[in-house]
Amino acid sequence: MSDFSAQFEEISSLLQKGKSKDIVLAVQKALDDGAPAQEILDKGLIAGMGIIGGKFKRNEVFVPEVLVAARAMNHASAALKPALQQAGVEPVGKAIICTVKGDLHDIGKNLVKMMIEGNGIEVEDLGVDCNEEKVIDAIKNSGATVVCLSALLTTTMMAQKDVIDAIKNAGLRDRVKIMVGGAPVTQSFADEIGADAYTPDAASAAEVCRQFYVA
Ligand code: B1M
């Protein structure tokens, strides 16, 4: 079996340096060499972002460095998108996704969206810092039957509960399944706030989301 570890290491390093153009070339080269897309994502991109996150926490890097890394992550994810998504999957339904109110982190949300789309589900992206009203309007107007909520901050995870409560109060709870996720979110938190599903990563989010349509 081929060993792509040096290439994953390079991708992680380019991400940490925020080298958007070079990382796209490195991702493409790894794909051309036969590296699995999911491993490029996990061992290259997400690993690199984890290292940046640790440095950010220890005040070894600051918001500007994290922002250029985030930009490189988005470029690299876009380059990986065709390989991550299954070709020719027929749409089986529609979902809504957003990062909740007060939270601007969108990399995880974008990955979840990409993987769900790759599992044959149309996704309406409501963006970041999304309030309850926007979600309610989207449920009413889009016909979506799954709502996906992402939160990356301990201070914003409760906004997932606010959305679920607002959906209940609007009389729409029976119309949608609600999925939650993001680094601080856990299964027990999801149970506590009345979500239908918690998944720890984008790939499992896509699997669970598809089950809601095909089960
Ligand atoms: Co922020 N930030 N940040 N940040 N940032 C974290 C989250 C933090 C852990 C860093 C740290 O201190 N170590 C920390 C949160 C601490 C806490 O709450 N306990 C933090 C902080 C404090 C902040 C600010 C407050 C910093 C400041 O201004 N002083 C500020 C808040 C801004 C705001 O949102 N209001 C802030 C700002 C930023 C940037 C703008 C600079 C940038 C975001 C850029 C962007 O997203 N476009 C940023 C980044 C990049 C990070 C880190 C470094 C990386 C996050 C990331 O993209 N990870 C992060 C540290 C870390 O995570 N190690 C950090 C990669 C991504 C693929 O993972 O998003 O977890 P993640 O998604 C995963 C899973 O969680 C899951 O799937 C994905 C992978 O498969 N998932 C779901 C996500 N959503 C899901 C939904 C699902 C299912 C699964 O179902 C619906």
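**Exercise 1.** Determine whether Asp165 is buried, partly exposed or exposed, and which residue forms a salt bridge with Asp165.

*Solution.* Step 1: Asp165 has 22% relative accessibility and counts as partly exposed; buried means under 20% relative accessible area, exposed over 50%, and partly exposed in between (1.4 Å probe, protein chains only). Step 2: a salt bridge needs a side-chain nitrogen of Lys or Arg within 4 Å of a carboxyl oxygen of Asp or Glu. Asp165 forms one with Lys161, with the closest N and O atoms 2.8 Å apart. Step 3: the two residues are 4 apart in helix H7, so about one helical turn separates Asp165 and Lys161.

The model is predicted: local features need pLDDT of at least 70, side-chain atom pairs count only at pLDDT 80 or more, and totals for chains, interfaces and linings use all residues. Residues are numbered from 1 along each chain as its sequence is written, and side-chain values use heavy atoms, leaving out hydrogens and water.

**Exercise 2.** Find the salt-bridge partner of Arg173 and state where both residues lie.

*Solution.* Step 1: the partner is Asp196, and the closest N and O atoms are 2.8 Å apart. Step 2: Arg173 is in the loop between H7 and S4, while Asp196 is in the loop between helix H8 (187-193) and strand S5 (197-198), 23 residues apart. Step 3: Arg173 is buried at 16% relative accessible area, whereas Asp196 is partly exposed at 35%.

**Exercise 3.** Describe the cover of strand S3 (residues 146-150).

*Solution.* Step 1: 5 of its 5 residues are buried. Step 2: Val146, Cys148 and Ser150 lie on one side, Val147 and Leu149 on the other.
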